[in-house]
Amino acid sequence: MADSRDATDEIARALADRRRALEAELGITGERLGDIRAARADTVADDEHDPEGPTLAAEWSRAEGQRADTLSELADLEAAEARLAAGTYGVCEGCGRSIPPARLAVRPAARRCVACAEGAGR
Ligand SMILES: [Zn+2]
């Protein structure tokens with residue numbers, strides 16, 4: 001049976017892993033945004049009709065949306081790391097009850113239990 005120190009280490013590792021994955025994603029999204037920006041600049045320069053315009057605009061807003069999602073999950077992760085340090089990790093921000101470990105296993109940065117998250121619309 002693992003003591004709570006081990007459990008905390010395990011959570012810290014899960015959070016760090018997730019953070020690395022998100023930072024990698026952020027890099028990929030940032031590159032895509034750069035590519036789209038370059039493609040848009042080329043399109044405007046090369047062709048006044050700008051046939052790619054709407055497609056690139058859609059691509060851009062999708063990439064921006066992904067970036068916003070990633071940034072918001074990174075913020076959640078940082079908050080989770082702060083709660084872990086403060087000893088309040090795994091406590092639902094909505095109702096103050098423990099978030100089930102199964103949920104934390106899937107979403108280590110979860111701020112709320114399923115019921116409260118659904119009530120909050122996410
Ligand atoms: Zn709750």
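Contact is defined here as heavy atoms within 4.5 Å. By this criterion, and leaving aside neighbours within four places in sequence, tyrosine 89 is in contact with Ile11, Leu15, Ala80, Arg83, Leu84, Leu104 and Pro108. The structure is a predicted model, in which local features need pLDDT of at least 70 and side-chain atom pairs count only at pLDDT 80 or more, whereas totals for chains, interfaces and linings use all residues. Residues are numbered from 1 along each chain as its sequence is written, and side-chain values use heavy atoms, with hydrogens and water left out.

The protein contains four helices and zero strands, arranged along the sequence in the pattern α-α-α-α. Helices (H or I, at least four residues) and strands (E, at least two) are DSSP runs, numbered from the N terminus. Of the 122 residues, 23% are buried; buried means under 20% relative accessible area, exposed over 50%, and partly exposed in between (1.4 Å probe, protein chains only). Among contacts between residues at least 6 apart in sequence, 54% join residues at least 24 apart.

Nonpolar packing was examined next. A nonpolar core is a set of buried Ala, Val, Leu, Ile, Met, Phe, Trp, Tyr and Cys residues joined through side-chain atoms within 4.5 Å. In soluble globular proteins, nonpolar side chains tend to be buried together. The largest nonpolar core holds 13 residues, of which Leu15, Leu77, Ala80, Tyr89 and Leu104 touch the most other members. Helices α1 (4-46) and α2 (53-86) each supply at least two residues of this core, and α2 gives the most, with four residues. At least three residues of this core come from each of domain 1 (4-89) and domain 2 (90-122), the domain bounds being taken from an automatic or database domain assignment. Apart from this core lies another, of five residues, among them Leu33, Ile36, Trp60 and Ala63.

Leucine 15, in helix α1, is buried, with a relative accessible area of 0%. Residues up to four places away in sequence not being counted, leucine 15 touches Leu77, Ala80, Glu81, Leu84, Tyr89, Pro108 and Ala109. The C-alpha atoms of leucine 15 and alanine 109 are separated by 7.2 Å, although the two residues are 94 residues apart along the chain.

Arginine 83 belongs to helix α2 and counts as buried because its relative accessibility is 11%. Beyond residues up to four places away in sequence, arginine 83 touches Thr88, Tyr89, Glu93, Ala109, Ala110 and Arg111. Arginine 83 and arginine 111 are 28 residues apart in sequence, with a C-alpha to C-alpha distance of 9.7 Å. Aspartate 69 is also found in helix α2, but at 56% relative accessibility this residue counts as exposed. The C-alpha atoms of aspartate 69 and leucine 22, 47 residues apart along the chain, are separated by 9.9 Å.

The metal site was then considered. The zinc ion is coordinated at 2.3 Å by the SG atoms of Cys92, Cys95, Cys113 and Cys116. Donors are N, O and S atoms within 2.8 Å of the metal (3.2 Å for Na, K and Ca); water is not among the atoms, so sites may look incomplete. The arrangement is tetrahedral because the four donor atoms subtend angles of 104 to 115° around the zinc ion, four donors counting as tetrahedral if all angles lie between 85 and 135 degrees. The donor residues follow the sequence spacing C-x2-C-x17-C-x2-C. Cysteine 92 counts as buried at 3% relative accessibility, whereas cysteine 95 counts as partly exposed at 33%.

For residues 87-119, the end C-alpha atoms lie 25 Å apart, and the span is 36% helix and 0% strand.

Key: Four donors count as tetrahedral if all angles lie between 85 and 135 degrees; four count as square planar and six as octahedral if opposite donors are over 155 degrees apart and all others between 65 and 115; anything else is irregular.
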